[in-house]
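This report is for a reader who has not seen the structure before.

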Amino acid sequence: MNRLSRAKRSPASGLWKDGLKNAKMQRNLFLLLALTPAFGGYLLFTLYPNMLSVYYSLLNWNGISEPEFVGLSNFVTLFQDKYVWRALLNNLFYMATVPIAVISISLLLGYLLANKGYKGTSFFKVLFFFPNVLSTIVIALLWTFIYDGSFGLLNDFLRLLGVPIGNFYWLGEARTALAAIVPPYVWGGVGLYVIIFMNAMTTIPKSLYESAILEGARHMTILFRITIPLIMPIVRISALFLILGTLKGFEKQLILTNGGPAGATDVVGLYIFNLAFGTENHNYGYASAVGMLLFVILVTAKLLMDKYMPDRSVEY
Amino acid sequence: MREKRTIIDVVWWVLLIAWSMAILFPLLWVFYQSLRSNPSFFQDVWALPESLNWMNYKNAWIKYGIGNAMLNTLYYVGVSLVLGTFLTTINAYALTRISFKGRKLMWALIMLSLFLPGINALIPQYVLMRELHLTNSLTGLILLDSLGENVFFLMLLGGFMRSLPKELEESGFLDGASIFQVFMRIIFPLSIPGIVTVAIFKFLGLYNNFLGPFIYLSDQSKYTIGVSMYAANQMMQYTSDWVTMFAGVMIAMVPSIIMFMFFQRWIMEGATLGAVKG
């Protein structure tokens with residue numbers, strides 16, 4: 001109150017200007033203090049390393065010795081490296097399986113919860129979401145327990161049903177390991193999309209459903225003819241997220257199999273990681289070159305999906 | 001939409017129950033086995049326990065150094081959370097409610113992060129951290145994870161702050177308050193709901209961060225809970241101490257469960273916010 005009246009009583013224009021200048025200086029000081037730590041950290045820890053990785057890809061360097069500039073030779077090696085292509089093929093496998101599984105399960109569960117009004121809907125919602133808050137390490141360890149050959153939950157079940165499974169190590173056999181990593185991803189991912197799709201479905205006007213039901217449409221028809229087309233923009237974004245996620249992700253593979261057995265579950269991200277931080281010889285230069293390849297693939301995938309999965313938002 | 005229940009509803013109901021079981025059963029199974037003894041677990045996994053071995057939890061706590069790992073995690077998550085959330089809040093304010101030269105450029109540079117896959121930066125980041133002598137240090141990890149910009153959080157908080165009326169600040173300035181005071185006394189308290197959402201997601205991200213601590217921490221005494229559980233599982237092939245491992249995983253799950261119980265609604269609403277915005 002006191003301050004306010006003083007400010008009003010100062011007629012001298014010099015003082016007023018001083019105040020303005022002060023306010024401006026104060027604002028600049030505030031901006032400096034507010035933005036420097038976070039934006040500086042962003043430049044230093046995110047943008048600068050990302051740009052540096054382009055330069056690294058032209059080096060032959062194990063991280064300790066003197067780096068040697070080798071031009072594009074890492075990229076020449078890259079195209080002849082069959083391990084890169086094997087890893088990429090595995091990425092393609094996860095790209096084709098995980099998003100489809102997650103989206104179809106979430107759409108069905110979301111539809112049931114949003115439209116059927118069953119008892120316990122909110123309980124299901126919360127339960128389905130729960131795995132999404134668990135850490136990667138907990139989910140991965142949980143699934144190593146499930147897949148263990150001697151004492152794993154899966155084999156226990158199969159034995160209980162009388163299947164002569166013996167001590168089959170699901171993650172230790174090349175023919176099952178690749179596919180065995182899909183369920184942990186699906187298990188940990190579905191809940192979020194159930195909620196997303198449910199929210200989208202509840203915005204669809206009830207009248208659309210009512211007329212369909214009056215005309216005798218069945219639930220499957222409603223789901224495929226009304227619900228999914230109407231929430232297509234959200235399904236599309238979800239698919240984009242999931243596809244880019246499976247291209248980038250490697251933590252579950254790292255913990256569950258570390259790419260084994262004999263590279264059967266190796267993915268590009270994990271290949272890069274092991275080249276740089278693994279137990280064998282490190283090669284920062286070559287790892288960065290593979291990183292460039294992954295970057296190009298990610299950007300291409302995004303552009304392709306933007307082009308071929310057009311944003312067909314439906315008006316209603 | 002009330003309608004008649006038919007036989008097909010039974011199928012749908014079974015489906016919902018089936019997915020619930022797929023989620024609950026492995027968790028309950030691990031919890032149940034964590035209370036048994038190794039010999040009886042090896043003999044018959046389905047057997048009912050003769051006694052409940054709560055000792056397994058104490059053993060896991062000591063054997064895997066969980067007490068120490070929890071303290072490390074608390075330090076890493078706690079400091080990064082407070083520092084990171086404060087910086088994000090003040091940045092959201094500066095970048096959305098104050099117009100200054102270069103603001104557009106800053107936004108453009110921040111937006112660039114959406115196109116960068118994190119993995120490319122891992123190696124140069126590691127070399128940089130090594131040069132700064134910040135490797136094998138929880139404090140180094142805190143600096144790495146709290147100094148930075150996050151488009152999603154900035155947009156979320158910025159959107160929130162934009163909805164506050166301009167008059168609030170103006171009346172503050174008229175009362176002679178400095179911009180620092182306006183931020184701390186007016187903007188900050190009014191943005192609390194947005195800040196809480198950001199803090200919850202930062203907590204989950206930090207607590208669940210495995211790769212960062214795994215790359216940067218080499219001393220076992222500095223391990224966070226995630227890395228120490230990973231190391232414990234690596235040892236399993238030599239020790240085959242299953243029941244203790246189960247107990248350890250249950251303990252590692254407790255903070256997530258507590259978070260989810262308290263902030264369930266917040267988490268579920270916030271999670272969908274990000275997806276709709278793309």
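## A buried serine and its surroundings

In this predicted model, A:S288 has 27 other C-beta atoms within 10 Å and is therefore buried, the cut-off for a buried residue being 20 or more. A:S288 is placed in helix α15 of chain A. Leaving aside residues up to four places away in sequence, A:S288 touches A:S53, A:Y56 and A:S57, and also B:I123. A:L270 lies 18 residues from A:S288 along the chain, and the C-alpha atoms of A:S288 and A:L270 are 13 Å apart.

## The contact between the chains

How many residues does each chain bring to the contact? Chain A gives 74 residues and chain B gives 71 residues. On the side of chain A that touches chain B, helix α2 (residues 13-56) of chain A supplies the largest share, with 19 residues. That side of chain A is made up of 52 nonpolar, 15 polar and seven charged residues.

## Domains of chain A

The domain assignment divides chain A into domain 1 (1-47) and domain 2 (74-308). Taken over C-alpha atoms, the centres of domain 1 of chain A and domain 2 of chain A are separated by 49 Å.

## Two helix pairs

Two packed helices are described by the angle between their axes and the distance between the axes.

| Helix pair | Angle | Axis distance |
|---|---|---|
| α12 (residues 232-248) and α15 (residues 284-308) of chain A | roughly 165° | within 10 Å |
| α4 (residues 66-97) and α11 (residues 192-207) of chain B | about 145° | 9 Å |

From α12(A), the residues A:L240, A:I243, A:L244, A:L247 and A:K248 meet A:I297, A:L298, A:A301, A:K302 and A:M305 of α15(A). The residues of this contact comprise eight nonpolar, no polar and two charged.

In chain B, α4(B) also passes α11(B) in a right-handed crossing. The residues of α4(B) that meet α11(B) include B:T73, B:V77, B:S80 and B:L81. On the side of α11(B), the residues in this contact include B:I195, B:V198, B:A199 and B:K202. By class, the contact of α4(B) with α11(B) has eight nonpolar, six polar and one charged.

How values were computed: Residues are numbered from 1 along each chain as its sequence is written. Chains are lettered from A and ligands numbered from 1 in the order in which they are written. This is a predicted model: local features need pLDDT of at least 70, side-chain atom pairs count only at pLDDT 80 or more; totals for chains, interfaces and linings use all residues. Domain bounds come from an automatic or database domain assignment. Axes are lines fitted to C-alpha atoms, for helices over the stretch in contact, and angles run from 0 to 180 degrees between N-to-C directions. Helices (H or I, at least four residues) and strands (E, at least two) are DSSP runs, numbered from the N terminus. Two residues are in contact if their C-beta atoms, placed from the backbone, lie within 7 Å. Ala, Val, Leu, Ile, Met, Phe, Trp, Tyr, Cys and Pro count as nonpolar, Asp, Glu, Lys and Arg as charged, and the others, Gly among them, as polar. A residue is buried if 20 or more other C-beta atoms lie within 10 Å of its own, exposed if 12 or fewer, and partly exposed in between; C-beta atoms are placed from the backbone. A crossing is left-handed if the near helix is turned anticlockwise from the far one by less than a right angle, and right-handed if clockwise.
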